[in-house]
Amino acid sequence: CDSGWRAHTHTHTPTHARTHDSSSYTAAIAACAEHEQWQLALELFPMLQEADKEDDIVPDANTYHAAISVCARHEQWQQAIGLLEQAYISPAANFSTLVLTEAK
């Protein structure tokens, strides 16, 4: 399992993707979370924010949802609240959609 998630994450992390966009980060976060690598999943979000500054990649509602879901599953409530606050001010995150998705 360990080598499986590493291979999946390696091929889906944005530095190895042919096109850099938020869906690459979303896929990598989800892959890490699926394989109980939640700390790594949460480390990817700041990488996306750094890429936003360099490559104009902006996290969307799906990316926030993936990261917040990881926080919720592992009781990282402070980090989840921080992500919700960031999503609220993000032009690409469609906050109302995100809140409705998280409420389910």
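Predicted model: local features only at pLDDT ≥ 70, side-chain atom pairs only at ≥ 80, totals over all residues.
Trainee: Helices α2 and α4 pack together. What makes α2 roughly parallel to α4?

Mentor: Their angle does. Helix α2 (residues 22–34) and helix α4 (residues 61–73) pack at about 20°, with axes 8 Å apart. Angles under 35 degrees count as roughly parallel, so α2 is roughly parallel to α4. The crossing of α2 past α4 is left-handed.

Trainee: Which residues make that contact?

Mentor: From α2 come Ser22, Thr26, Ile29 and Ala33, and from α4 come Asn62, Thr63, Ala66, Ala67, Val70 and Arg73. By type, the contact of α2 with α4 has 5 nonpolar, 4 polar and 1 charged.

Trainee: Which residues touch the most other members of the largest nonpolar core?

Mentor: Those are Ile29, Phe45, Tyr64, Val70 and Leu83, in a core of 22 residues. The elements giving two or more residues to this core are α2, α3 (38–55), α4 and α5.

Trainee: What does isoleucine 29 contact beyond its neighbours within four places in sequence?

Mentor: Isoleucine 29 is in contact with Ala41, Leu44, Phe45, Thr63, Ala66, Ala67 and Val70.

Trainee: Why is isoleucine 81 called partly exposed rather than buried or exposed?

Mentor: Its relative accessible area is 48%. Buried needs under 20% and exposed needs over 50%, so isoleucine 81 counts as partly exposed. You will find isoleucine 81 in helix α5 (residues 77–89). Its C-alpha atom is 8.3 Å from that of isoleucine 68, a residue 13 places away along the chain.

Trainee: How do you know that glutamate 36 is exposed?

Mentor: The relative accessible area of glutamate 36 is 53%. Since exposed means over 50%, glutamate 36 is exposed. Glutamate 36 lies in the loop between α2 and α3.

Trainee: What makes the phi of glutamate 36 worth a look?

Mentor: Phi of glutamate 36 is near 60°, a positive value in a residue other than glycine. Most residues other than glycine have a negative phi.

Trainee: Where is glutamate 75, and what is its phi?

Mentor: Glutamate 75 sits in the loop between α4 and α5. Its phi is positive, about 55°, although glutamate 75 is not a glycine.

Trainee: Why is glutamate 75 called exposed?

Mentor: With a relative accessible area of 59%, glutamate 75 is exposed, because exposed starts over 50%.

Trainee: How many residues are in the protein chain, and what share is buried?

Mentor: Of the 104 residues, 36% are buried. As for contacts between residues at least 6 apart in sequence, 55% join residues at least 24 apart.

Terms used. Residues numbered from 1 in each chain as written. Heavy atoms only, no water. Axes fitted to C-alpha atoms, helices over the stretch in contact; angles between N-to-C directions. Helix = DSSP H or I, 4+ residues; strand = E, 2+ residues; numbered from the N terminus. Parallel < 35°, antiparallel > 145°, perpendicular 65-115°, else oblique. Left-handed = near helix turned anticlockwise from the far one by under 90°. Contact = heavy atoms within 4.5 Å. Nonpolar A, V, L, I, M, F, W, Y, C, P; charged D, E, K, R; others polar. Buried < 20%, exposed > 50% of the residue type's maximum accessible area, 1.4 Å probe, protein only. Core = buried A, V, L, I, M, F, W, Y, C linked by side-chain atoms within 4.5 Å.
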